[in-house]
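Dear colleague,

I am passing on to you the structure that we spoke about, and below it you will find my notes on what turned up when I went through it. Please read them with the structure open beside you.

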There are 2 protein chains.
Amino acid sequence: MRLKAKLFDVDAEEPRVIAHREDCKELGVKQMDRVRLDARTSLTIVVSISDTIVKKGEILIPRAIMAKIGVADKQMLEVVFSPKPESVKSIRKKMDSQKLTRDEINEIVFDILESKLSKIEVSAWLTALYINGMDTEEIANFTQSMVNTGEKIIFDRTPVFDFHSLGGVPGNKITPIVVSIVAAAGLMLPKTSSRAISSACGTSDFVEVFCDVELDAATLKRTAEAVGGVFAWGGSMNIAPVDDMVIDIEYPLGINPRAQMLASILSKKMAISATHLLVDIPMGTGTKVTSLEQAREYARDLMELGTRLGIRTECAITYGDQPVGNAIGPALEARECIRILEGHSHPASVVEKACDLAGMILEMGGIPDGPAKAREILASGQAFKKFREIVEAQNGKKDITSEDIVIGKYVADVRAVRSGYVHSINNKDLVAIARTAGAPSDKGAGILLYRKKGQRAEKGEILFQIYADNQAKADRAKDMAIKLDPMDIEGMLIKKVPNPSALKSI
Amino acid sequence: MRLKAKLFDVDAEEPRVIAHREDCKELGVKQMDRVRLDARTSLTIVVSISDTIVKKGEILIPRAIMAKIGVADKQMLEVVFSPKPESVKSIRKKMDSQKLTRDEINEIVFDILESKLSKIEVSAWLTALYINGMDTEEIANFTQSMVNTGEKIIFDRTPVFDFHSLGGVPGNKITPIVVSIVAAAGLMLPKTSSRAISSACGTSDFVEVFCDVELDAATLKRTAEAVGGVFAWGGSMNIAPVDDMVIDIEYPLGINPRAQMLASILSKKMAISATHLLVDIPMGTGTKVTSLEQAREYARDLMELGTRLGIRTECAITYGDQPVGNAIGPALEARECIRILEGHSHPASVVEKACDLAGMILEMGGIPDGPAKAREILASGQAFKKFREIVEAQNGKKDITSEDIVIGKYVADVRAVRSGYVHSINNKDLVAIARTAGAPSDKGAGILLYRKKGQRAEKGEILFQIYADNQAKADRAKDMAIKLDPMDIEGMLIKKVPNPSALKSI
């Protein structure tokens, strides 16, 4: 059918044309079916049907699609029905709990990338994946397909070490310390990190307080080869781009299917040609992994998949029942991180976690006594020297110190309402409070903990401080802190158990 | 946050506001999160984020939503973040294969109806339902919730008989015959039917060739009580409206979860207060039900659910391996249907199916020897008389005959390319050919079969004729018929089996 193209100037979330109900009837097209625009192209696109905003004989086409097919506003073009992509059948197969072939998986991944699958279909895919899962062979093929959707960085140096944290624990500012120690030891670790999605501060959110994180692939390669490490934001390169498209659907559903999660991690590592990988699995209430059994399962999955993909993978299950260190939020975490590199020994949890994990990487690189060696490199100032080299290479201040970091000017104290011991700290509540204070987009916003688990606080003493960039957010975060009461403070006597026989006599 | 409302004049498929990226950051709103517009209303709505089509400080709002909340273009209004509806958690629960409570199911159904759930979430819901299913108690609650989303018709007469076909077999034009026989016997059967979704012709598609089908609830009630029967289109009343919203998501996914299908059927029957229900389950290649075991399962499900909901339900498993009768397509089916009512005895398959099913309904109504009684009512002309009363009540021609029906003027013959017996007829291919010829929207379009299964055709004889409203469509349908070759014609000798010992000696 020949229809007149009309520009539709809306940047819809997903590419879509809008055609008139009667033309669609004629074309045999139903809502969410696809058409091919112009016989010369192979571009198929999902159709929305309307009888109000488009006239019969016309078809509304978004600007980007017009450019792609080389059609101008008001030009006539041929529109034909296009059958569903084969990948819809493969999604059905996964709904029916069947194993998918390499080609079927590859088709799904590329059809998501090219928006040939609508959000409705991608949602069904992720739900099927969440419920029915994938075996290791499928996940390996899935990972490879995701790598193939984007850029791949090949280094002139090998081996390539990499490091990843499953996340979920606030205040985990160890990445720049780990990278600096490992690079100072002469190994290469080109680290790409993420920004916060639902957390208070991702690694890239606090690193960009003191240097650029948006490196292109060429800069990442050059810097890593010259200096031994980088602190890049993974999103600034075209690495496994399909992953970000999927996150937009996972978020509203609140799911992260295991197969998708594993393929997402490993594809990013394969895209930077990692040969050795250490994965940090924080375990604790409010993180992704809440039991040792679950943590071991993740570790097994990652190592099995890593082996299949030719990446030597090790895992570290770490303590995640409370924040790592005392600072949560971009500037506060940046300052605490740099202080440790400057030689401060507190908070000890940050030093310990960073050195133990860096030590595991050193041992993977053939350096014996890894953790001790890591502590030596940190204590001697070599790690700080390497850190400053990386910061400078990423356009940060040449001789940066922790004093350079500007934290939020508006501070609200949250005090103990009774005396006792901190029995537990709710990670999720702290994240909610820090986000209300403005983190991660307000760089100065966040939380500074004065007490951690097991420590005693007297009534009226400060438990934590809220930092914000304006008074209103500080106040709002404090209100939330009082409502959520994220620290559980009790005496040593937790619960009185009355005598049951006494109860019976009532 | 206070934002300026701006009219967004697009009838989006789902209600959605568009806000600027920076305002969303400030609000803590991510893509597909929800906001509440104006503190006075409880209306929450999904947000799309843009930095091109909306200015900072403004929010684009569709016309319908503006009217709903009583806000005018350019008015300032308060916008606040709104957490995900509880129903998202219940969807997660079903993904995790847990049983849902009556309240949880009710919330999901009403949140779909009120567009509080986005299409992404509804897609995940249907996928979870497809994979993990529901038990009978859940389906009963689901059905009741669906009934509650719409209108309910209460008759002054009881009992209320109803009839439903699972569909999937082309040419199934028995409904007006069944209704006419049952009504002529003095029972009331207020039948609501559907239009074709993917088939060549739904009951309403061919009934509207000779009378109105879009009756409102009051007309349906009045007509059924007076005449004993109606042939209404279910979509013209506000009966279980949520069902149609769900079909829009099921279609692109190509799924129809069992729980959804059962709730969909029974909710429509409950909405018209049915007390007795007969369900036709056509079984055969290319229908929804392909084996006797599967058919029995459907029957068991329907009867169990019907009992729980207080509807006496019986099922008939019927032959669906080829079309019912010879005609496929609106006018052709209308003509064949009326001819049977006029007293023609061919095609026998239509007479037989209609009388057997009508007979089962008569027996449910306490009339003994149902099938014989049904044949008597049909043969005596009482059914035709009743049919004409119903047609007249629905604004059709007073003394309608089969001669009044106008069929397509453009005819293409499809002939046997070799002599032999019709071994099989592919229902799906016939549907595709009829749709290419223009059915169901071109009323005259369709197929007339000259041969059915088991019959002999000599080379060059007509197997079937294609009818269309213009030459181009007739030609296109014929090309498709030649390509698809929907009738399998073989000699009595189907396959020669060579002697294996002879093969070995080669």
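Which residues of α12(B) are buried? Before the answer, please keep in mind that this is a predicted model. The buried residues of the helix are Ala295(B), Tyr298(B), Ala299(B), Asp301(B), Leu302(B), Leu305(B) and Gly306(B). Seen down the axis of α12(B), these residues fall within an arc of 165°, so they line one face of the helix. An α-helix has 3.6 residues a turn, so residues three or four places apart point the same way. The face of α12(B) that is turned away from the buried side carries the exposed residues Glu293(B), Arg300(B) and Thr307(B).

As for the helix itself, α12 of chain B covers residues 292-308, which makes 17 residues, and from its first C-alpha to its last it reaches 24 Å, close to the 24 Å expected at 1.5 Å a residue. What do its buried residues pack against? In chain B they meet α6 (136-148) and α11 (258-271), together with the strands β10 (276-283) and β11 (312-319). After α12(B) comes Gly310(B), whose phi is positive, near 80°.

Elsewhere in chain B there is an open sheet of three strands in the order β16-β14-β18, with antiparallel pairing. Its edge strands are β16 (456-457) and β18 (487-490), each of which pairs on one side only. Strand β14(B), residues 420-425, is joined to β16(B) by two bridges, and the two strands run antiparallel; in β16(B), Ala457(B) is the bridge partner of Gly420(B).

I also looked at the cysteines. With a disulfide taken as a pair of cysteine sulfur atoms within 2.5 Å, the count over all chains comes to zero. Cys201(B) is in no disulfide, and the nearest cysteine sulfur, that of Cys337(B), is 10 Å away. Cys337(B) is likewise in no disulfide, the nearest cysteine sulfur being that of Cys211(B), 10 Å away. Cys201(B) is buried, with a relative accessible area of 15%, and Cys337(B) counts as buried at 0% relative accessibility.

Finally, how are the two chains arranged? Chain B is superposed on chain A by a rotation of 180° with 0.0 Å of shift along its axis, at an RMSD of 0.1 Å, and the two copies are thus related as by a two-fold rotation axis. Of the interface residues of chain B, 98% are also interface residues in chain A, so the copies meet through the same surface.

Key:
Residues numbered from 1 in each chain as written. Chains lettered and ligands numbered in written order. Predicted model: local features only at pLDDT ≥ 70, side-chain atom pairs only at ≥ 80, totals over all residues. Heavy atoms only, no water. Least-squares fit on C-alpha atoms with pLDDT ≥ 70 in both. Contact = heavy atoms within 4.5 Å. Helix = DSSP H or I, 4+ residues; strand = E, 2+ residues; numbered from the N terminus. Expected span 1.5 Å × (residues − 1). Buried < 20%, exposed > 50% of the residue type's maximum accessible area, 1.4 Å probe, protein only. Arc of directions from axis to C-beta. Pairing = 2+ DSSP bridges.
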